[in-house]
Amino acid sequence: MATDNRIHFWRRNAKVPGRYLKDSKAKVNNLKTKKASSFHEFARSTNDAWDIDDEEDEDFLTTPTPTSGLHSNTPGHNQQHQAADADTEESHEAPPAGPHTPDLQDLQEEDGEDSTVNGQVVKSNSDAHLNTSAVRSTLQKQQSLPVRQLIPLVARISDQNASGAPPMTVREKSRLDKFRQLLSSPNTDLEELRKHSWSGIPKEMRPVTWRLLSGYLPANKERRELVLSRKREEYFGFIEQYYHSRTDEHYKDTYRQIHIDIPRTNPLIPLFQQPAVQEVFERILFIWAIRHPASGYVQGINDLVTPFFVVFLSEFVTEDVENFQVAALPLDTQRNIEADSFWCMSKLLDGIQDNYTFAQPGIQNKVKALEELVSRIDEDIHNHFKRYEVEYLQFAFRWMNNLLMRELPLRCTIRLWDTYQAEAEGFSHFHLYVCAAFLIEWRKEILSMVDFQGLLMLLQNLPTIHWGNEEVGLLLAEAYRLKYTFADAPSHYKR
């Protein structure tokens, strides 16, 4: 019944890319040497995938990293990787005013396997334990795979859409003009700005729009420069006051964990492997942690800086963001990007801080809410998880902790956050319905897996690398439908 309602509410297109391919499914099953029918069997036969020797980092506290963003302009390593700025081209619009049926274009399905992208892994110390024959077998399999053109992880939306949409349509130009009009008015109408931002923000307008929607900038245009100047000075005042304490006994564990986590943040994107960028992230996360002692730093918060950093960097970069050397920017510009990223991330975390306090009660409640919601939306999936002893916490914890950033390419996260910032309680409440819609998107693939290990591997490695604006639009439209169809559920989640 729930599935029929979903089909009739939105017109679906059978050719939507991002479906789980049969070949990929076979690859998941081939990874199992012996099927584990329950979680307990799986746990007994599985080792930790993150076998990282953290002791290597014990000496880093004795040699603090130079703060190039503060005192010197340290050049980053020159790395090349294909990418472009995140640009917005909305494929369909599901405004909060009421249900809307999007007109979908026929989309072209791409052949090949996602494993050519997933093959680009970052080596950890655990790689040393791989035997030679396993490595040789993996390389032979990769060489036999069909070649497919990779889509940049931070891509211009018009370039990465499978539908091949044009860079700028008449409708998009009209929307761009509307954003310019709203932002140039003496007092920006924030409700009107949210209404237009829900279906995506043009790239040119995104930096200032995000600052406004996050509450960092005032609606009054005359006050904006004064507020920006004051808040940026305040942030660097925190740096002068607190950052030197990172080597103190009380804070060294916090800084050490940040120092370890930052290289793991988007490891496939060269931008985030630059020393200058990693130093910026260290300062942002450390200052936030010591100013919020109730939670401190928790793994996952490091991911939440990246969309803001990329968006504010794109304000000064016309070339590919992924390849851009941040150290080449004027020092004042680097400082402004850093301060704005800190304040906007802080505004976001203010609304979901119970996700990161002791025992992370916010995430526990949201995972429970997702379980209750899915049981009402799609009983077949819910019962399938129960049959094979899959707990929602085993896959949905990361969805809530990282706001789906580990499940979606960065370009999709930026588009998703356009809507989250336009939606009332987007990060804290609407995200629940997005997670439910995201889970139901893989209904066919989930029901086809008939063992615990296969289900868990599928849910932790969903093939979204080729997703773009079209797929995110569908996801948000379905989440919007679920929000209003199940507005009274789950009752214990709504406060």
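Which helix is Q257 found in? Q257 is found in helix 11 (residues 252-261). The structure is a predicted model: local features need pLDDT of at least 70, side-chain atom pairs count only at pLDDT 80 or more, and totals for chains, interfaces and linings use all residues. Residues are numbered from 1 along each chain as its sequence is written, and side-chain values use heavy atoms, without hydrogens and water.

**View 1. Q257 and its contacts.** Q257 touches Y297 and Q299, not counting residues up to four places away in sequence; contact means heavy atoms within 4.5 Å. Q257 and Y297 are 40 residues apart in sequence. Their C-alpha atoms are 8.3 Å apart in space. Q257 has a relative accessible area of 26%, so it is partly exposed. Buried means under 20% relative accessible area, exposed over 50%, and partly exposed in between (1.4 Å probe, protein chains only).

**View 2. Helix 8 against helix 9.** Helix 8 (residues 190-197) and helix 9 (residues 206-213) pack at an angle of about 125°, with their axes 11 Å apart. Axes are lines fitted to C-alpha atoms, for helices over the stretch in contact, and angles run from 0 to 180 degrees between N-to-C directions. The angle makes helix 8 oblique to helix 9. Under 35 degrees counts as roughly parallel, over 145 as roughly antiparallel, 65 to 115 as roughly perpendicular, and the rest as oblique. L190, L193, R194 and S197 in helix 8 meet T209, L212 and L213 in helix 9.

**View 3. T209 in helix 9.** T209 lies in helix 9. Its relative accessibility is 0%, so T209 counts as buried. Leaving out residues up to four places away in sequence, T209 touches F179, L183, L193, S197 and I201.

**View 4. The largest nonpolar core around W417.** This core has 116 residues. A nonpolar core is a set of buried Ala, Val, Leu, Ile, Met, Phe, Trp, Tyr and Cys residues joined through side-chain atoms within 4.5 Å. W417 is among the residues with the most contacts inside the core, as are L271, F309, L313, M345, F385 and L439. Leaving aside neighbours within four places in sequence, W417 is in contact with W210, L304, P307, F308, L348, L403, M405 and F427.

**View 5. The chain as context.** The chain has 22 helices and 0 strands. Helices (H or I, at least four residues) and strands (E, at least two) are DSSP runs, numbered from the N terminus. Buried residues make up 54% of the 495 residues.
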